Amino acid sequence: MSPEPGWARCLDAAFGPPLPGEYRAAPEDFLVDEELDFAPEGRGEHLWLRIEKREQTTLDVVRTLSRLCGVTPREVGYSGMKDRFAVTRQWLSVHLPGRDAPEVLETRLSALGIAVLEQERHPRKLKRGVHRANRFALRVGGEAVDAESFSARWQALCEGGVPNYFGPQRFGAQGRNLQRARALLAQGWRKRDDRQGMLLSSARSFLFNELLSARLTAGCWAMPLAGDTLMLDGTQSLFAVECVDAAIKRRAAELDLHPTGPLWGQGEGESRGEVESAAPARRFELRLEQTHPALCEGIERAGAKSARRALRLRLGTPELTPLDSGARLEFSLPRGSFATAVLRELLAHGDFAPWPAA
């Protein structure tokens with residue numbers, strides 16, 4: 001597999017490439033707090049636990065809860081996957097109809113580095129993707145943070161938004177998940193070969209990042225084009241525009257509307273016509289299909305349903321606090337978005353380097 005060229009950034013034209021920097025030197029430097037927009041009802045068959053974990057994956061906690069509560073992992077629910085090398089807070093649910101949790105549950109979880117912050121009953125299992133956002137508090141340092149331009153780069157992201165890239169963790173070390181996805185899609189994707197859908201997701205994420213980078217390079221990632229499908233900020237509401245008027249431009253400039261790109265799936269490659277005759281926004285998607293035909297066709301054969309994802313993120317209640325050494329960044333992102341998308345605009349780091357040739 002050839003090395004990737006490195007996806008474009010939005011701040012390089014104004015500030016130049018970011019300087020070297022550091023983040024996540026210790027788990028406590030990367031804090032994540034999951035935000036729901038509802039609360040458990042206080043009754044029902046499911047025990048909901050708000051936990052804080054350190055240096056464990058969400059699936060590690062799922063397995064621990066299932067063992068301690070005497071249930072199968074399928075009876076443990078969670079909304080989002082949280083980072084391992086971090087301190088993260090999130091809700092999980094355990095199906096315990098007609099019985100209480102073991103009396104020693106909190107003690108045993110604590111011994112394993114999992115603190116129970118809250119617990120409450122609810123009638124339903126916690127489903128994937130129901131949380132509203134994640135709140136991040138990140139300590140960063142290094143040459144990039146010491147530079148005079150750092151606060152200006154940060155302010156530019158606060159005012160203009162952030163490219164909504166999928167983070168490097170989606171692709172595995174040196175892009176190995178994508179290499180595996182290419183091989184699996186070439187032979188025909190099967191659920192038994194990709195139980196969690198991680199490899200299929202890696203391929204779709206790669207295509208999205210490729211399109212976002214192309215629009216960044218062309219200077220049209222944040223401003224709608226004719227033929228775009230737009231997303232209303234803070235929602236999943238979508239609508240198409242065949243022409244872009246002054247009102248649409250104004251709302252996009254105010255970060256109220258965002259252009260979207262495809263999460264590739266069935267239907268994306270149908271009825272698009274030729275590149276030259278397509279609407280400007282659709283040309284980028286047609287070129288994507290032409291550049292990566294094996295991935296696009298393999299994803300469609302796998303039965304994935306097409307969806308849309310915003311090309312741009314608005315930082316929720318952003319804060320920058322200078323420290324004696326480095327700085328502390330705080331912000332909220334909608335579910336499914338990556339803090340590393342913010343960091344790659346602010347500092348150069350090995351996590352964001354192009355992948356080496358295989």
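I take a nonpolar core to be a set of buried Ala, Val, Leu, Ile, Met, Phe, Trp, Tyr and Cys residues joined through side-chain atoms within 4.5 Å. The model I looked at is predicted.

**Entry 1: cores**

I looked up the largest nonpolar core and found 63 residues in it. I then asked which of its residues touch the most other members. They are Val-140, Leu-315, Phe-331 and Val-342. Helix α7 supplies the largest share of this core, with 9 residues. I also noted a second, separate core of 19 residues, which includes Leu-47, Ile-51, Ala-101 and Leu-109. As background, nonpolar side chains in soluble globular proteins tend to be buried together.

**Entry 2: Val-342**

I listed the contacts of Val-342, leaving out residues up to four places away in sequence. Val-342 touches Trp-154, Leu-157 and Val-162, and also Leu-315, Phe-331 and Leu-333. Two of the names on that list, Leu-315 and Phe-331, I had already written down among the core residues that touch the most other members.

**Entry 3: helix α7**

I went back to α7 for its geometry. The helix runs over residues 198-218, which is 21 residues. From its first C-alpha to its last I read 30 Å, close to the 30 Å expected at 1.5 Å a residue. Is α7 mostly covered or mostly uncovered? It is mostly covered, with 16 of its 21 residues buried. Just after α7 comes Gly-219, for which I noted a positive phi of about 80°.

**Entry 4: cavity**

I searched the whole structure for cavities of 30 Å³ or more and got 1. The space in the largest cavity is about 180 Å³. I counted 17 lining residues, and the closest to the centre of the cavity are Trp-7, Arg-344, Asp-351, Phe-352 and Ala-353. Which helix gives the most to this lining? Helix α11 (residues 339-346) does, with 3 residues. By class, the lining residues divide into 10 nonpolar, 4 polar and 3 charged.

**Entry 5: second largest pocket**

I recorded a volume of about 340 Å³ for the second largest pocket. Its lining has 13 residues, and those nearest the centre are Pro-73, Arg-74, Val-76, Tyr-78 and Lys-125. Two elements, α2 (58-69) and β4 (76-78), each give two or more residues to this lining. I sorted the lining residues of this pocket by class as well and got 6 nonpolar, 2 polar and 5 charged.

Terms used:
Residues are numbered from 1 along each chain as its sequence is written. This is a predicted model: local features need pLDDT of at least 70, side-chain atom pairs count only at pLDDT 80 or more; totals for chains, interfaces and linings use all residues. Side-chain values use heavy atoms; hydrogens and water are left out. On a 1 Å grid over the protein atoms alone, a cavity is a set of points where a 1.4 Å probe fits but cannot get out, and a pocket is an open set with protein on both sides within 12 Å along at least five of seven lines; lining residues have an atom within 4 Å of a point. Grid points are joined across faces, edges and corners, and a volume is the space filled by probe spheres set on the points. Helices (H or I, at least four residues) and strands (E, at least two) are DSSP runs, numbered from the N terminus. Ala, Val, Leu, Ile, Met, Phe, Trp, Tyr, Cys and Pro count as nonpolar, Asp, Glu, Lys and Arg as charged, and the others, Gly among them, as polar. The expected span of a helix is 1.5 Å times one less than its number of residues. Buried means under 20% relative accessible area, exposed over 50%, partly exposed in between (1.4 Å probe, protein chains only). Contact means heavy atoms within 4.5 Å.
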